[in-house]
Amino acid sequence: MKRLNVTNEDRLLHGGDYNPDQWLTYPDVLEEDVQLMKKAHTNTFSIGIFAWAALEPEEGTYTFDWLDKVIERIESIGGRFILATPSGARPAWMSKNHPEVLRVDSERRKQLHGARHNHCFSSPYYRKKTQEMNAKLAERYGKHPALLMWHISNEFGGECHCDLCQDNFRSWLKDKYNHNLDELNHAWWGPFWSHTITEWEQIESPSPIGESAVHGMNLDWRRFVSHQTIDFYKNEIVPLREQTPEVPITTNFMSDNPEFVPFTALDYSAFAKEVDVISWDAYPAWHNDQEDTATLASRVAFLNDHFYNMKHKPFLLMESTPSLVNWHDVNKAKRPGMHYLSSMQMLAHGSDSILYFQWRKSRGSSEKFHGAVVDHDRSSDNRVFKEVARLGKAMEDISKNVVGYQRQAEVGILYDVESDWALKDTQGFGLKTKQYGETLQKHYQAFWERNIAVDVLSKEDTFDSYKILLVPMLYMMSEQTVKKLEQFVKNGGTLVATYITGLVNESDLTYMGGWYKPLKALFGIEPTETDTFYPSDRNAVLYNGKSYEVRDYATLLDVNEAETLGTYEADFYKNTSAVTKHTYYNGQTFYIGARMEDDFHRDFYGELIDSLGLTAPLDATHNRGVSIQAREAEGRQTIFIMNFTEESQPVLLLETVKDVQSGETVAGALELAPYEVRIVEK
Amino acid sequence: MKRLNVTNEDRLLHGGDYNPDQWLTYPDVLEEDVQLMKKAHTNTFSIGIFAWAALEPEEGTYTFDWLDKVIERIESIGGRFILATPSGARPAWMSKNHPEVLRVDSERRKQLHGARHNHCFSSPYYRKKTQEMNAKLAERYGKHPALLMWHISNEFGGECHCDLCQDNFRSWLKDKYNHNLDELNHAWWGPFWSHTITEWEQIESPSPIGESAVHGMNLDWRRFVSHQTIDFYKNEIVPLREQTPEVPITTNFMSDNPEFVPFTALDYSAFAKEVDVISWDAYPAWHNDQEDTATLASRVAFLNDHFYNMKHKPFLLMESTPSLVNWHDVNKAKRPGMHYLSSMQMLAHGSDSILYFQWRKSRGSSEKFHGAVVDHDRSSDNRVFKEVARLGKAMEDISKNVVGYQRQAEVGILYDVESDWALKDTQGFGLKTKQYGETLQKHYQAFWERNIAVDVLSKEDTFDSYKILLVPMLYMMSEQTVKKLEQFVKNGGTLVATYITGLVNESDLTYMGGWYKPLKALFGIEPTETDTFYPSDRNAVLYNGKSYEVRDYATLLDVNEAETLGTYEADFYKNTSAVTKHTYYNGQTFYIGARMEDDFHRDFYGELIDSLGLTAPLDATHNRGVSIQAREAEGRQTIFIMNFTEESQPVLLLETVKDVQSGETVAGALELAPYEVRIVEK
Amino acid sequence: MKRLNVTNEDRLLHGGDYNPDQWLTYPDVLEEDVQLMKKAHTNTFSIGIFAWAALEPEEGTYTFDWLDKVIERIESIGGRFILATPSGARPAWMSKNHPEVLRVDSERRKQLHGARHNHCFSSPYYRKKTQEMNAKLAERYGKHPALLMWHISNEFGGECHCDLCQDNFRSWLKDKYNHNLDELNHAWWGPFWSHTITEWEQIESPSPIGESAVHGMNLDWRRFVSHQTIDFYKNEIVPLREQTPEVPITTNFMSDNPEFVPFTALDYSAFAKEVDVISWDAYPAWHNDQEDTATLASRVAFLNDHFYNMKHKPFLLMESTPSLVNWHDVNKAKRPGMHYLSSMQMLAHGSDSILYFQWRKSRGSSEKFHGAVVDHDRSSDNRVFKEVARLGKAMEDISKNVVGYQRQAEVGILYDVESDWALKDTQGFGLKTKQYGETLQKHYQAFWERNIAVDVLSKEDTFDSYKILLVPMLYMMSEQTVKKLEQFVKNGGTLVATYITGLVNESDLTYMGGWYKPLKALFGIEPTETDTFYPSDRNAVLYNGKSYEVRDYATLLDVNEAETLGTYEADFYKNTSAVTKHTYYNGQTFYIGARMEDDFHRDFYGELIDSLGLTAPLDATHNRGVSIQAREAEGRQTIFIMNFTEESQPVLLLETVKDVQSGETVAGALELAPYEVRIVEK
């Protein structure tokens, strides 16, 4: 396996968002920054994010001098810069002079100037203006030797309901439905409640003061918003591609917070195709009081694997905090060691960088208490700075073992944002218990605890290389997706589905005849009812002689060719099938009809892991909370052994390895201190 | 007692909302429907609800062919149809061409097209247009032999604050207050906070961005909205009355959900006068985790008795679900037997039908997972379909014993929607603990558990025929209502009132001099203070040597001529009167000053039942959770013995009866399986 | 110490809001009022509040006759009146004829007429009109011998975002920032997120549909709203000052409810300078289920001391309820004795009045169930009326010992509303755990329980006369404030600060270099991190050998010259300093780094009280829940001994005193009945 270096750098990137435009009147601060950057072992800075007001203080007047100097300073320490286009926040003069750029919200209220990430994605003026700005940036900095990458705008998201967007929505629909309203009405199930559309002009985007219950339209609106956002992005990059075809382009993706599950405002699997490098902003709430550290670590791992697999190659951690954020309900500081550990986890899962928002804490405004490398004390002696520097040093040491190294997995789990949209929107089941993203993370966790690598896939991916594919709660399945799954199993794959899987097609229409026929054949069963539980309701499933608690959902099954592995222990469907297995051509399928406790996943997937001979990167035994993950390239594996608990953890190595940092040989019993990381190779 | 058949049918109606306009492009589905209708033992379908877009796809172009064919199909199985006017949902072209039909909400935002039940009740265009549509329907189908009834629009509700409605509100006020602003200002207690109105044009409907604290105005607004809605309905039926004077008219009423208490958006007691047949849509949340099945059954019984007594004759269950809904927070399936049991309870309480929303589950849009007779599997073999068919068969068997049979009660409980409006709106007491509807249901339950029939009455009803009348929490009492109550007691009636009873007159003005003088005489007491409790506050009442817990409210009383039956056990009013009795002319009155636990109601009303010699329809003993209810006509009683528990229940019959379904004689010990129903006659 | 009589009366004021304009059509009620006023021992009534509709029923037509008669009646019982300007509620005709007076809310929605306290503070029409009205009132009643005071409008608050207010906001900003946008941009930290303002016209007030995250702007907006409100008030009083320079002026202040902490909508410390007499409306929720009576009593005491110290002289209780309010979530009646006790507490803390809202309960509208002296029963025999009359009699008896008597304290606690605004608005820490006002009340309580008087101060006050000054959570500190604190300590004062103190300057900008340098010197420490806890997180501090629980916040400290008094017991900062002491020049400073349980405050401040020799007004021992407070003048002290518990309480007097009411000598053991008050002098 060759190294797949996503940047032009042969070192891990360490640094982050640098916003010197806040400090232009503080020359001592700018000088100090250079010294501190060196001390912190940083080498890469994202600049220009939100700098429009500094770059074009009045319409048509551009000022790049300050940015030139910033770049000089970064260069002076051998650093590289990621240059952002400033479109994430417009200057006030633009909203005043060109109100067209302001969004209209779903209640049809024209927004006032304020906040950020608030421009209409359709506005012709803003599209023209961002191209002009970007052309100027490309012209001035595109050939700069220290330019590493383009960072387009910032954390794209949101939507606009202005007249321009309404027109674009209608055009998009005309294209999609072949200018045929019958097709649209069928997809939207128009005749229900007399919602038949007879002229395109009757269509208005969903609104709390208008239409919100036509699920097909809501779904298309989400698709359109995603399309339009990506289209805006594509418009932005035109001058960059023209002038700097060799400079890679990224834009920073996100998770949904505070749930810490995949982002749902946009279809990232589509967006990923348009960027050269995936990058994301990760803000997990370490040390919270709802889950233990290992559980959260597993969920962080899931998201990293999600972003890794968008392009199946290393990605960048574009934003993170060395200490705390300031926008959670409770903003708790990372405990000593956690920043080092959690950053190493990112690297273990495929990141080629640890970058921060932001380099230096602001003096004022809304993020002045958001953790940064340089605190208000301007000191390199405090706990946070020292941990950042320690990490920076370690990253330098391990760079050659990590940069461009890849990840291999024999297990795939499918996350489909369109299904997420449709399921969230659908009326039915339990309003608060759908939790699609969280459910995927729970299934993923069973593999993470066994150190088995998992790829988080989209429905566009090819599944051939996997031994197991999980599709929990994949509510929406097009005929095409079903065909892919069929083929996967026919070829010998193992497929696992659950309750609320495969209920509707890509228009959120149920299949005629109940569960889609090919699914019945594939699983050898037919789900007949989904029982939804009240919060205090419980059932249990007897599986392999052990009883597992069930909450929220239980599917009633008609079992045809399948074999029953587990049965319900209570209620009117007591003793009926809850978990089934079906051999199909060269493969096999499993159906888990109920929402099971974690122990079931451990036992069930544990057996699958064993029977299919899946192996962890390192032969070792340890308690829950230790995670071992590997990256590999050029025949070498770099293995991260991480302790995500607050206690010392014994790890018994059954192979002899070499500590990458110390060079020591390590074998047999190993004791990991709380939050400790060891990086080894065989 | 003669049978009082509200339909022209001598059979119980079984069927429901049929929306074939969703399936016009699926001819096989339409054919299949006919077969399944027969299998399900159905005979009646409501059609055309929300079908405007299918009936008039563009302005002025009408298409009735599809409806003709639907009716033919229904006829082909010997079925009847209830024809709906389609005004519950306008087509999109109408909103586009005539924006006047769109509502303006209380924040004065013109609504966009969308959802349903969303037309301005004042719009001259829509009033003219609905008449045109209805005239066409009457013309084409009014003489059809299978036409059973008109179903006007759907689930009327909501309000509009547009300029037309503002004008109508002012006109309504002018009529009410004799064009005299002094009268209005007195009723609204205008001088408080300088709210005196000096010109009619100053009046604007209540609004969160305007006036919301003038209780008299809020109350009049609620009255106006109710009036205007009924007026819209009356406008709709003009062509029907003209062309089909012999066809009865209904519109489907509702409950307030999820509380499952009487509907408060409209004054149904006024609306009831304008319809020929009462019908309602019942969606209780069976198997929820907040109350046991018997308690919910009692509350369902209450609502049935509420609708029965709107016209004191049998009614129709117009909508229900055979399985689950999709708009509760948790949408749980009915357990086996529950659909049969809960439907039988409807019949026991006076319904002449079990109708469903909807016949067939939609493929798409907002109600695709709402339970229906035909599921997406299109099968007659699933649990739900089979239970529907079993019920249908049973209904055929018992039809002659039930249709048109009436209910008799010696106990009345008064629900007054105007009092509900005023009490909900009033500032004072506990914001979350008023619970007027729930309180009525708790008092009702004591009788239900003893199988004593109760009529739920409005203040317009005559009370002469009752032995006991309950007026719990009847906050608002006009002088006229008080006179009626006085007369009722004078004539020998037993009247029971509680805390927060009789505090204001019909304008929400308190009576001068404290409690209204005639009430003091009637009850022989004077309430001096209403003590309101914090959630964890408790008191107790000592009554007949037993202590009962008190929550939420405790009234302090000056006892004059009354006798004290119960006293408080704690707080500064310890040992003072909590429950009193007063003999007044030939009758007696009771005042329950505090919110008591259920056991008090059981004991207190139990004694009343015994002392007044009220009898259940069947002499039998059983545990709580079994309910025995009767309907009678032509000298025969049909008695439903129902087990609303999850356990088998012994019932000891002290009379010999005949099982209506099996023809067997039944006497002595009877064992009811969980959820079992036995229908017997003496 | 001389008496400082804030009214022209030598008696305590007893009475309240009298709104006879509600009763003009009830002449018997008006006559009855006079009789009841005498019976209730009342002597003072606030009239004309909200009477604009009665005073000017149509534009330009004035009717004062009814008010003349009301004043005659008050005079007839020897009473005095406080005359209100009616601007708190406009008549409907004015909104109709001059929509300019209607507010625009932050979402930029023009409000409709309704409610009260709803006029634009900028409206030129309303400013002119209130002057006209007030001039007429001054002309007609300004020389009346029974006129005690002017009461301007009512409970000022709220804000308006109309174009006039936007212009005024911009003008105010221009003045503040010397017409220099660079200054403004620096204060608002404009370059962050490109929020640089380049033309004044770009500025719009904060809005949920515009800008809400620029903390500097939010802060200036709050300052402007406060300024503009006071400016409106100053405009109102121009004709009064001209015509009646000798009549004192007040306006009724409030607390924030239901938290019962200082009011935050306006800067009362600035407003206080513009009134002659402080008055406030107190509505504590006695007998609630979240805190014991003593705790609430301590918080009431805090607020009284807050209002007392706004002018460092006696104030008026302008509104209170003798029984209950009707706008809490739970509206519970005061228990017997509580009205007397809680009123006496007000007098003990510096009030020269007990006034009620309102004299007589309304028949209708939004406050008809708000407690009043005269209930709907019109009786003088009920519990509430009798307790009011008992209090009135007692007030007559003690008037000469109380009126104009002052309060002395050696302890000050600083409440800064600007810091409150900034801290509430800031992103960071715990969203729900900032609780600035509540925290001050907790520190205050430790002194209250020891009967040590505390002055609640603003940052404008001089601190010289205090031995101890507490500045808990004083998040925002200008350089000037820090200088004052430094000087206070240099001169021998004892200063106590806590976590989240001194983090930003007056523009909500952090200090360069971490904690402000002079603060580091003053406290001998440097806070390095503020650890924020999840709800279930706990730590503990070991102090003087005892362990105290910590919640919510823990500050990590670098200790320089300071001495460590307490250390953390857990987490990664175990054994590091939590509480420190530093001797600075002639004084000393303490820093409490964590949010401690109440017992810590008791022990910590107890030691300070002892070491500094602070003394209570009476040498006595008693349990928690008894409070002893004193007022003094002309060498005499009047001491209130109050039992804020539901049990009898022994008090051991170590001094001999005389009971002011009975004249008896009291010494040694005293037993206070529940809620009992004894008023004594030495």
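Modeller: In this predicted model, strand S9 (residues 279-281) of chain C pairs with S6(C) in the parallel sense, over two bridges. Within this pairing, Phe253(C) stands opposite Trp280(C), a residue of S9(C). The two strands belong to an open sheet of three strands in chain C, with the order S6-S9-S10 and parallel pairing. Strand S6 (252-253) and strand S10 (316-319) of chain C are the edge strands, each of which pairs on one side only.

Turning to the surroundings of chain C, one finds 48 of its residues in contact with 45 residues of chain B. On the side of chain C that touches chain B, the elements giving two or more residues are helix H2 (52-55) and helix H4 (92-97) of chain C. By class, that side of chain C comprises 18 nonpolar, 13 polar and 17 charged residues.

For chain A, the UniProt record, in an unreviewed entry, lists residues 17-397 as "domain: Glycoside hydrolase family 42 N-terminal". In the model, this span of chain A is 40% helix and 9% strand, and its end C-alpha atoms lie 23 Å apart. The unreviewed UniProt entry also lists residues 409-614 of chain A, under "domain: Beta-galactosidase trimerisation". Over residues 409-614 of chain A, the composition is 27% helix and 33% strand, with the end C-alpha atoms 9 Å apart.

Technical notes:
Residues numbered from 1 in each chain as written. Chains lettered and ligands numbered in written order. Predicted model: local features only at pLDDT ≥ 70, side-chain atom pairs only at ≥ 80, totals over all residues. Contact = placed C-beta atoms within 7 Å. Helix = DSSP H or I, 4+ residues; strand = E, 2+ residues; numbered from the N terminus. Nonpolar A, V, L, I, M, F, W, Y, C, P; charged D, E, K, R; others polar. UniProt positions renumbered as here; feature names shortened; annotations may be inferred. Pairing = 2+ DSSP bridges.
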